Amino acid sequence: MRFVIGEDSVMRKAICAGLFAVLFAPVMAAAQAPKGLGTEEFGMSPRELVQAIEKTEELIARCMADQGFQYIAADHNTVRAGMSADKSLPGLSEEEFVSRYGFGVSTFYTGLPPQLSTGYNPARVGLGDRNVQIFRKLSSADQVAYNRALLGDDLSSTFAVALETEDLSRTGGCTRKSLTETFKPDQLKASHYNPQDALINKDPRMKAALESWQREMKKAGFEYGHPDEIEPDLRNRLGTLTEGGKLLVSKMSADQKAALRKLQDFERLVAAKSFKMSEDVLKPVEERIQEELFSRKVQ
């Protein structure tokens, strides 16, 4: 295509600027990728993540010993297994899992501590079999005291779960105390955002994709600005309904059980819609941006 320019300097500059943006946007984006930004949780490199896990687990074990309880520091592979267990069940793809169980927040809720749960429970997996067995040998009263020391008020927010969701703000007990010695203060806040994700979200292409995602979600009756807002909202709703996750399903009133079922239905619907929109609209754009910035595809 041939462009005839020269008579209007303003038009010429506009055309040149537009062509430059189209032709060299990938190069410019790659040049803007900050050095040292890792591809793991919280922008860490794989080595940094391993070191953070090992240090935090050792600190948790030491803190629990000070509280009079035995806790064996989980190794990196154990914590990683807990992270990988999120939205995962044998024989099911992620899409099938989301269709049946949403994000697994309210749909698997029992009110039991993670160590006593059976079946799907990333929190239990991340604690490791040895710590689960230690817990199960305690009396009921000691189990309550143990988890208060280890996890504080939110029994679902174990170290592995907090890492996978990149939300350390819900942690408590020795887990929280240990995290303050391993992670930066801003990383402990609910407002913290993975620097890699923040960088991608600033890209004009992702902004446009997110606007499309928002419009389609709103048409379906879901008022969210970003996919990352959904799970925290579900956890907050579940916490309000279940007294912070301490109310056993077997102890719920008929109205409470009905409210839980309603939340579970909502979770399945919003998760399925968000997953489809994310796969169709957001993921292709994110993959292109990540390849430009980090020379890698979305994991």
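The legends below describe close-up views of a predicted model.

**View 1. The largest cavity and the residues that line it.** A search of the whole structure finds one cavity of 30 Å³ or more, and the space within the largest cavity comes to about 60 Å³. Its lining is made up of Glu57, Ile60, Tyr71, Val79, Gly126, Leu127, Leu150, Leu151, Thr158, Phe159, Ala160 and Thr175. Four helices, namely α2 (46–66), α5 (122–127), α7 (140–151) and α8 (159–165), each supply at least two residues of this lining. Sorted by class, the lining of the largest cavity holds eight nonpolar residues, three polar residues and one charged residue.

**View 2. The packing of helix α2 against helix α3.** Helix α3 (residues 76–84) packs with α2 at an angle of about 105°, and the two axes lie 9 Å apart. Because angles of 65 to 115 degrees count as roughly perpendicular, α2 and α3 are therefore described as roughly perpendicular to each other. On the α2 side the contact involves Leu49, Val50, Ile53 and Glu57, which meet His76, Val79 and Arg80 of α3. By class, the contact of α2 with α3 comprises four nonpolar residues, one polar residue and two charged residues. Two residues in this view, Glu57 of α2 and Val79 of α3, are also among those that line the largest cavity.

**View 3. The contact between helices α6 and α7.** The axes of helix α6 (residues 129–136) and α7 come within 9 Å of each other and cross at roughly 140°. That angle makes α6 oblique to α7. From α6, the residues Asn131, Ile134, Phe135 and Arg136 meet Gln143, Tyr146 and Asn147 of α7. The contact of α6 with α7 divides into three nonpolar residues, three polar residues and one charged residue. Helix α7 is also one of the helices that supply at least two residues of the lining of the largest cavity.

**View 4. A salt bridge between glutamate 231 and lysine 87.** Side chains of opposite charge can pair when their charged atoms come close. In this view the side chains of glutamate 231 and lysine 87 meet in a salt bridge, with a distance of 2.8 Å from N to O. The pair links distant parts of the chain, since glutamate 231 belongs to helix α12 (residues 230–241) whereas lysine 87 lies in the loop between α3 and α4 (94–101), 144 residues apart. Across the model, the count comes to 13 salt bridges, when a side-chain nitrogen of Lys or Arg must lie within 4 Å of a carboxyl oxygen of Asp or Glu.

Key. Residues numbered from 1 in each chain as written. Predicted model: local features only at pLDDT ≥ 70, side-chain atom pairs only at ≥ 80, totals over all residues. Heavy atoms only, no water. 1 Å grid on protein atoms, 1.4 Å probe; cavity = no way out; pocket = protein on both sides within 12 Å on 5 of 7 lines; lining within 4 Å. Points joined across faces, edges and corners; volume = space filled by probe spheres on them. Nonpolar A, V, L, I, M, F, W, Y, C, P; charged D, E, K, R; others polar. Axes fitted to C-alpha atoms, helices over the stretch in contact; angles between N-to-C directions. Parallel < 35°, antiparallel > 145°, perpendicular 65-115°, else oblique. Contact = heavy atoms within 4.5 Å.
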